[in-house]
Amino acid sequence: MDYQKILADYVEMPGGLIEAFHAIQAELSYLPEEAIIQAAQVFGIPAAQAYGVATFYSMFSVKPRGKFVIRICESAPCHIAGAAKVVAALEKELGINMGGSTPDGLFTLEFTECVGQCQAAPVITINGKPYTDVSPEKISGILEPYRKNI
Amino acid sequence: MPNITIDGIKVAVPEGSTILQAAQEAGVNIPTLCHHPDQSVKANCRICVCEVAGSNLLQAACSQPATEGMNVKTRSPKVLEARKTILELILANHPQDCLNCLRNENCELQSLAAEYCIRDNPFELKVRGLGKDLSTPALFRDPDKCVLCRRCIEACSVIQTVNALGIEYRGQKAMVVPTLGKNLIDSPCIMCGQCIHACPVGAIGEIEEIDELLAAIADPETVVVTQIAPAVRLALGEEVGMPTGDLPMDVLVAGLRQIGFDHVLHTNFTADLTIMEEGHELLKRLKEGGKLPMFTSCSPGWTSFCETFFPDLLDNLSTCKSPQQMFGALVKTYWADKMNIPASKIFSVSIMPCTAKKYEASRPEMQSSGFRDVDLVLTTREIGRLFRMSGLDFEKLAPADFSPWMSKYTGAGVIFGASGGVMEAALRTVYEVVTGETLADVNFTAVRGFEGIKEATVNLKGTEVKVAIAHGLGNARKVMEQVRAGESPYHFIEIMACPGGCIGGGGQPITKTNKKRLERIQAVYEEDQACAVRKSHLNTEVQELYKDFLHEPLGHKSHELLHTHYQAKDKKFL
Ligand code: FES
Ligand code: FES
């Protein structure tokens with residue numbers, strides 16, 4: 001993957017490192033070590049610092065993830081509304097545990113903090129897109145289009 | 001000048017002072033942990049909290065500005081209670097391992113726990129179980145002990161500009177890690193050990209090798225020989241409860257003999273020798289149009305830094321080995337012959353103010369004698385521990401002499417221990433060699449002191465030689481960028497990795513402030529002043545070495561034993 005090309009678009013932008021990380025992650029679902037090293041060079045900061053940024057924000061991952069990252073809100077309102085059952089259903093449906101990825105590289109399960117949709121809890125997001133009022137029954141329907149869209 | 005009241009004491013302090021500074025002015029002690037007097041404010045541990053009238057929340061004294069009319073209580077029951085809880089919370093994540101810790105009795109957290117009478121911690125002990133990083137030959141990291149003060153990061157990134165350390169993740173998961181979460185050996189770390197002085201606890205330290213020494217001493221077949229680096233004596237006394245500089249050299253020699261060293265020699269001897277070789281190398285480069293400016297090469301933290309960050313400038317480095325390695329190469333050749341001891345029986349130990357020397361001695365090219373030239377490197381701190389372990393009473397110990405052939409030294413060797421010392425020693429010799437005249441005043445005071453970058457110009461019979469001195473790698477980097485840009489006006493540059501030079505080395509007694517470094521620098525020049533001979537080329541043992549063995553500076557034998565080469569370090573991420 002040509003990181004230089006992506007990085008070049010953000011190098012003049014204030015706070016461009018974070019935007020560049022978002023752009024790389026949009027392609028790969030995570031930030032490979034090489035991407036962090038090259039970003040550090042392009043932005044003229046030590047690799048130790050670029051790595052600090054990449055790990056500080058929970059929306060970035062430095063470990064490989066599936067193409068679609070499913071995040072389940074674990075903050076109080078969603079918790080009360082039954083997030084645990086949604087977790088169990090997702091784990092069963094995908095055959096993986098929270099934090100894991102499916103062997104086909106398609107899905108990863110992660111927790112997230114409140115995503116600001118508490119009016120319709122529980123909430124999950126898939127690659128940033130929120131799904132509200134989720135219940136175990138709705139899971140396979142929600143996943144359906146992602147499964148096709150390989 | 002704000003007027004403020006601290007525990008009923010009125011003080012006026014300069015604009016911009018913190019409560020902590022005002023309290024120091026008023027003679028009130030406020031405990032600190034993340035705060036370091038020579039670094040920026042961190043304010044992340046909260047141990048310094050105080051009550052400020054008019055504010056519901058306790059304020060961190062190390063960061064809160066002192067403002068006009070402020071009324072501060074630093075020792076109310078509410079404050080003491082809060083500090084105690086903060087300590088208990090920190091200790092709940094800290095291994096209760098003090099008895100086994102390198103920093104036992106020299107740990108800021110341990111002292112606080114004692115002062116605040118921490119007995120039964122109500123919080124459950126939860127250690128993260130990250131395990132030690134033993135990847136380098138010089139330093140270890142023990143992240144479980146880290147209190148996340150970030151002082152090591154500032155030492156590494158701001159003072160040294162090495163940037164080997166950073167923070168990974170945040171909140172509960174936050175940890176200080178080498179670059180990209182790797183082991184230290186894979187980071188750009190140059191093993192200077194300045195992080196050790198910065199660390200308030202035992203999360204970073206030197207790889208301790210006292211047992212290796214004791215094993216060699218216990219073996220009757222082995223002849224254990226040691227060299228003592230220039231900056232060691234004056235600081236070693238600190239480890240056994242003496243003021244800086246007060247431990248006399250002949251008593252130190254006696255102490256080392258008591259421990260069981262068969263022969264005690266001195267690195268100052270090869271410091272003088274370094275001046276002979278390096279001085280002539282400089283003259284040769286000047287005369288024959290060699291690569292200039294020439295950089296000194298005695299500090300292994302610095303040479304590693306150059307190999308890591310300035311591989312394009314390796315030809316500017318003097319090819320002279322450091323005094324430690326010159327010594328190592330000679331002790332198993334020249335000295336072994338003189339003493340009639342088979343080189344294979346010699347175990348050569350060096351006592352160094354430096355952690356990077358442990359790495360340097362392990363470099364594969366450092367085997368010019370046909371053996372590993374320096375078998376073991378012990379820091380000043382390790383020897384201090386050995387002295388305490390041995391229960392030596394330095395007040396009563398009768399002085400003892402060095403063994404012959406490689407222990408005589410001049411004041412020029414002595415000053416190697418302070419930033420500017422190698423330059424001054426070189427100038428003393430180069431001047432006399434070039435001009436054939438005796439120096440009227442051997443004191444080149446312009447190159448002394450704690451200023452980050454110093455410069456001077458010396459007139460050698462019509463030739464102006466411009467020199468610069470940098471200590472601390474952040475300062476070195478500035479000088480190097482200038483060289484890289486082709487804009488350096490200098491002919492000769494001395495660089496020491498550690499602030500203050502070797503007296504502030506990573507292996508010295510834990511150095512909490514730069515004030516201590518200044519005291520040690522003072523002691524270095526006092527020792528020089530007291531030397532009868534203060535120019536390297538007048539060292540009679542060095543003269544004899546050239547007469548009997550080396551024949552001439554930069555000659556064939558010197559080339560074989562005393563000079564080296566450097567290699568770009570292939571570090572993937574900087
Ligand atoms: S708590 Fe889940 S969206 Fe707010
Ligand atoms: S010393 Fe003030 S917050 Fe750490």
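This is a predicted model: local features need pLDDT of at least 70, side-chain atom pairs count only at pLDDT 80 or more; totals for chains, interfaces and linings use all residues.
## Domains of chain B

The domain assignment divides chain B into domain 1 (3–91), domain 2 (128–206) and domain 3 (211–562). The centres of domain 1 and domain 3 of chain B, taken over C-alpha atoms, are separated by 43 Å.

## The sheet of chain B

Chain B contains an open sheet of 5 strands in the order 2-1-5-3-4, and its pairing is mixed. Strand 2 (9–12) and strand 4 (59–60) of chain B are the edge strands, each of which pairs on one side only. Strand 1 (residues 3–6) and strand 2 of chain B run antiparallel and are joined by 4 bridges, with Ile9(B) in strand 2 as the bridge partner of Ile6(B). The hairpin formed by strand 1 and strand 2 of chain B has 2 residues between the strands, and Asp7(B) takes a positive phi near 50° there.

Strand 1 of chain B also runs parallel to strand 5 of chain B, to which 2 bridges join it; here Ile6(B) has Val72(B) as its bridge partner. Val72(B), in strand 5 of chain B, also stands opposite Val52(B). Strand 3 (residues 49–52) and strand 5 (residues 71–73) of chain B pair in the antiparallel sense over 2 bridges. Helix 2 (residues 77–91) of chain B packs on this sheet, where it touches strand 3 and strand 5 of chain B, and its direction makes about 155° with that of strand 3 of chain B.

## The sheet of chain A

In chain A, an open sheet of 4 strands has the order 2-1-3-4, again with mixed pairing. Strand 2 (107–112) and strand 4 (129–131) of chain A stand at its edges with a single partner strand each, so one side of each has no neighbour in the sheet. On average, and with direction ignored, neighbouring strands of this sheet are turned by 25° against each other.

Strand 1 (residues 68–73) and strand 3 (residues 124–126) of chain A run antiparallel and are joined by 3 bridges, and Ile72(A) stands opposite Ile124(A) in strand 3 of chain A. Helix 6 (residues 83–94) of chain A packs on the sheet, touching strand 1, strand 2 and strand 3 of chain A, and its direction makes about 155° with that of strand 1 of chain A. Helix 7 (residues 139–148) of chain A also packs on the sheet, touching strand 1, strand 2, strand 3 and strand 4 of chain A, and its direction makes about 10° with that of strand 3 of chain A.

## A buried helix in chain B

Helix 11 (residues 323–331) of chain B is largely enclosed by the rest of the structure, because 9 of its 9 residues are buried. Among them are Met326(B), Phe327(B), Leu330(B) and Val331(B), together with Gln324(B) and Gln325(B).

Note on methods: Residues are numbered from 1 along each chain as its sequence is written. Chains are lettered from A and ligands numbered from 1 in the order in which they are written. Side-chain values use heavy atoms; hydrogens and water are left out. Buried means under 20% relative accessible area, exposed over 50%, partly exposed in between (1.4 Å probe, protein chains only). Two strands pair if DSSP finds at least two bridges between them. Contact means heavy atoms within 4.5 Å. Axes are lines fitted to C-alpha atoms, for helices over the stretch in contact, and angles run from 0 to 180 degrees between N-to-C directions. Domain bounds come from an automatic or database domain assignment.
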